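This report is written for a reader who is meeting the structure for the first time.

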Amino acid sequence: MAVDSMQVDGKPIPLAFIGKSKNAENVPIRESSVEPSPLGNELTCHEEQQAVEKLLCARKKLEEEIELFTSELKEIGETMHCSAECIGIIQDSEEPVGTKLARQGRKRFNNKPSEGIKFLLEKKLLNKTAEDIALFLFSNQLDKKAIGDYLGEGYEFNIQVLHQFVGLQNFCQMDLVTALRTFLASFQLPGEAQKIDRMMESFAFRYCQCNPGIFSNTDTCYILSFAIIMLNTTLHNANVKFKTSVEQFISMNRDIDAGKELPPELLTLYYEAIKAEPFHYHQGTTDDLTEVFFNPDYKGWLTKEGGKHKSWRKRWFILTDNCLYYFKTPDEKEPQGIIPLENLEIRDCPTPSGSKKYCFEIMNLKVKRGTIKACKTTGDGKLVVGNHLMYRIQAASEKEKEEWTKRIRASISRNPLLEILQKRMQRVTHDVPINM
């Protein structure tokens, strides 16, 4: 049979056309790239097209099957999830009623402590004794803030629970810093002075009970605990420029043990422990109880009249929430004096001829010519409690005087925590109050 055409680049070209071309020798001629069939015959273009179409159909069918399989897997997963939920419901229904109620009680306590305790009492899951409730607070994974709120309440029963709660903690053979870490980790301290006072007093009593002989009385432990908390702030709060040295810490707390001297090596141990590792407070708790004292609301130079010698000296004053500090210079590490702005009043000074201008006075509000409770740092760095009848202060101008008096007047309020600390300081020291 005669061949009348050839495959050129996959296309049939008549031989007659090629023979007539002047450039026939330049036309690329190659054999078909299609593999021969098992029968030894080459596939035609139509057969190639059919093969390709079959492959595309098979691919599409495979994709559809994969999609269907994926959908089925998803349905199986959802079914298994529903089954797990159903199993959970069944297990919950099989859970003892007491266990379920106890869980509900803990949840209610975390939301509102008093309601949670009331619920548990009504369901007979707690006995209405301070011991039983304290054990519940101590041994369950409860919200630390909720525990602190409940223990801080001033009702007699809550105070009894507080004593029992602290009594469950074992501070034996712990140094004071380690005991404070343990104590502060068991709940979140509330922000009210009276609540903090009760809690720290209970802690001091328990620590001295577990470690007899370290301090002469619980007041010493109480005051030193607050000194350690304040030290934690001064050493580790970035906002505090005045970093207390170990020598200053020893000097400030040496004679607080009922007039006896605390061993310097003991105070050094406390200092180094806080310096090496700060207290870690619960989330939501302020960085430190005394942080507020080191974020100034207002600051500047004022001239203060002395208490004993009545000489006038320029001092750098810092006003922060409910407290007025004064320093020799802005860079001084320790304040020369601290004036808690509690139950005081401020007024313009009478200005007789020849006297200083732009002056104002700070005095006791409740008692006529009553003393102002304040603290002063002596020359050797010791903090002492003093009685001052009045503070007379001069500003540089009328405008500055008005600004200072306005800000101090706005800051005057009742802050019982500092008053509590001062009373304890007076009780445990033999220092003679001095004017500042």
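## A residue in helix α11

Glu 247 belongs to helix α11, which spans residues 246–253. In this predicted model, the relative accessibility of Glu 247 is 54%, so Glu 247 counts as exposed, the cut-off for that class being over 50%. Between Glu 247 and Pro 264 there are 17 residues of separation in sequence, while the C-alpha to C-alpha separation in space is 9.1 Å.

## Two helices in contact

Helix α6, made of residues 144–152, packs with helix α7, made of residues 156–167, at an angle of about 125°, and their axes lie 7 Å apart. The two helices are therefore described as oblique to each other, since an angle over 145 degrees would be needed for roughly antiparallel and one of 65 to 115 for roughly perpendicular. On the α6 side the contact is formed by Ile 147, Tyr 150 and Leu 151, and these residues meet Phe 157, Asn 158, Val 161, Leu 162 and Phe 165 on the α7 side. Sorted by class, the contact has 7 nonpolar residues and 1 polar residue, with no charged residues.

Which residues does Asn 158 touch, once residues up to four places away in sequence are set aside? Asn 158, a residue of helix α7, touches Tyr 150, Leu 151 and Glu 153 on that count. The relative accessibility of Asn 158 is 8%, and Asn 158 therefore counts as buried, because that class takes in values under 20%.

## Strands and their partners

Strand β5, covering residues 323–327, pairs with strand β6 in the antiparallel sense over 4 bridges, and Cys 323 stands opposite Pro 340 of β6. Within β6, which covers residues 337–340, Gly 337 and Ile 339 point one way whereas Ile 338 and Pro 340 point the other way, and all of them are buried.

Strand β8, running over residues 359–364, has 6 of its 6 residues buried, so β8 is largely enclosed by the rest of the structure. Strand β7, residues 344–348, pairs with β8 in the antiparallel sense over 5 bridges, and here Ile 346 has Ile 362 of β8 as its bridge partner. Strand β8 is also joined by 5 bridges to strand β11, residues 390–394, and these two strands run antiparallel; Cys 359 has Gln 394 in β11 as its bridge partner.

## Two loop residues with positive phi

Tyr 358 is located in the loop between β7 and β8, and although Tyr 358 is not a glycine, its phi is positive, at about 55°. With a relative accessibility of 30%, Tyr 358 counts as partly exposed.

Lys 124, in the loop between α4 (113–122) and α5 (130–139), is likewise a residue other than glycine with a positive phi, in this case near 60°. At 73% relative accessibility, Lys 124 counts as exposed.

## The chain as a whole

The secondary structure of the chain consists of 14 helices and 11 strands. Of the 436 residues in the chain, 39% are buried, and the chain exposes about 25800 Å², with carbon and sulfur atoms supplying 53% of that area. When contacts in the chain between residues at least 6 apart in sequence are considered, 60% of them join residues at least 24 apart.

Note on methods: Residues numbered from 1 in each chain as written. Predicted model: local features only at pLDDT ≥ 70, side-chain atom pairs only at ≥ 80, totals over all residues. Heavy atoms only, no water. Axes fitted to C-alpha atoms, helices over the stretch in contact; angles between N-to-C directions. Parallel < 35°, antiparallel > 145°, perpendicular 65-115°, else oblique. Contact = heavy atoms within 4.5 Å. Nonpolar A, V, L, I, M, F, W, Y, C, P; charged D, E, K, R; others polar. Buried < 20%, exposed > 50% of the residue type's maximum accessible area, 1.4 Å probe, protein only. Pairing = 2+ DSSP bridges. Areas by Shrake-Rupley, 256 points an atom, 1.4 Å probe, with all protein chains shown as cover.
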